[in-house]
Amino acid sequence: PSRILPPLLLLVLPLGPVAPCSPQPNATRFICMEPTLTTFPSGLPPTTLAISVEFTVLATLLPSALAGLPRLQELHLSSNHLTTLPETLLRPVPTLRVLDLTDNLLADLPTGIFTGTSHLRHLVLQGNRLRVLQPAWFRHLLRLCWLNLAANALVEVPPEVFRPLRSLRSLDLSHNRLASLAPGALAGLRALERLDLEGNRLGTLPPAAFTPAPALRLLFLQDNELRALPAGIFVPLHHLHVLDLARNRLRVLELPPRPPGPVLDLDISGNPWVCECPLLALLQRAAPQLTAARDTLCASPVRYQGQEVAAVSRARDTGC
């Protein structure tokens, strides 16, 4: 299916007057985008609700950077040069709801960075250099509903690491270096509706990979190295609406159960399908759900090589 992107996560508070970085007593939202900015703005009023410091050369933050801002709900720090964060940075802002650290240089985070931020709803760490996920980061984030870890250097998802995130609805792990998904990697994510694993190095998945996440509606597995899917891997996913398996190395197809309701939006293009009776019978049932017939071709047997799988599945001379 066409790529389904989440809404652009910018200031999600109701729009109001926006002020530049200089202190102004009546303003509650500040946007600071001077390219040469090297220090976090100071002297902002204690009524400040949102701060955006983006596209600057800001490389460090003092532990006291957010002191005196007890009502802060949104902090946008994308596209800076941050390499580390102070462990106590967020302690003065206990009502913080949105933290965006997209496109910085963070290779790690302090163990207790999110202690005291139990109201956090959106956390964006996309485009950094994170290699390891620490369970302590997520221990207090019971209200988190959006977690974006895309485009880092993650090589594994430790079992149980996300278990505290009982409210999480969207998890983006795309464009990392994941070669496998450990059993229990999604443990605790019963509210999860959107999972993006696109563009990793996944060669296999555990049979019960998605069992902990029965509410999944959108599942993106395209551009991996999957050669086979365990039988019944999608059986727990009764609410699945979008399944993208494009551009893997799959030869045999597994599909989720189809309860009454909207048809599955399915992309299986760019795989070397074996167009024999089991697949053809499955495709006859799934044909109305295929959203990318182009490049959905048979790799074998020879008599069907290069033909569209949907056309072959409709043919009457297959002997099936």
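Predicted model: local features only at pLDDT ≥ 70, side-chain atom pairs only at ≥ 80, totals over all residues.

Visitor: Which residues form a positive surface patch with R97?

Guide: The patch consists of R97, R121, R143 and R166.

Visitor: How many salt bridges does the structure hold?

Guide: The general idea is that side chains of opposite charge can pair when their charged atoms come close. This structure holds 4 salt bridges. One of them joins R163 to E160, with 2.3 Å between the closest N and O atoms. R163 is partly exposed because its relative accessible area is 44%, and E160 is partly exposed at 38%.

Visitor: With which residue does R169 form a salt bridge?

Guide: R169 pairs with E193, and their closest N and O atoms are 3.2 Å apart. This pair links distant parts of the chain, 24 residues apart: R169 is in the loop between β7 and β8, E193 in the loop between β8 and β9 (194-196). R169 is partly exposed, with a relative accessible area of 46%; E193 is also partly exposed, at 25%.

Visitor: Are R194 and D196 buried or exposed?

Guide: Both R194 and D196 are buried. They form a salt bridge, with the closest N and O atoms 3.7 Å apart.

Visitor: Why is N152 classed as buried?

Guide: Buried means under 20% relative accessible area, and N152 is buried because its value is 7%. N152 lies in the loop between β7 (146-148) and β8 (170-172). A polar atom of the N152 side chain is 3.3 Å from the backbone nitrogen of N128.

Notes
Residues numbered from 1 in each chain as written. Heavy atoms only, no water. Patch = residues over 30% accessible without salt bridge, like charges linked within 9 Å, V, L, I, M, F, W, Y side chains within 5 Å. Areas by Shrake-Rupley, 256 points an atom, 1.4 Å probe, with all protein chains shown as cover. Salt bridge = Lys/Arg side-chain N within 4 Å of Asp/Glu carboxyl O. Lys, Arg positive; Asp, Glu negative; His and termini not counted. Charge placed at Lys NZ, Arg CZ, Asp CG, Glu CD. Helix = DSSP H or I, 4+ residues; strand = E, 2+ residues; numbered from the N terminus. Buried < 20%, exposed > 50% of the residue type's maximum accessible area, 1.4 Å probe, protein only. Polar contact = N/O pair within 3.5 Å; in protein donor to acceptor, adjacent residues only side chain to side chain.
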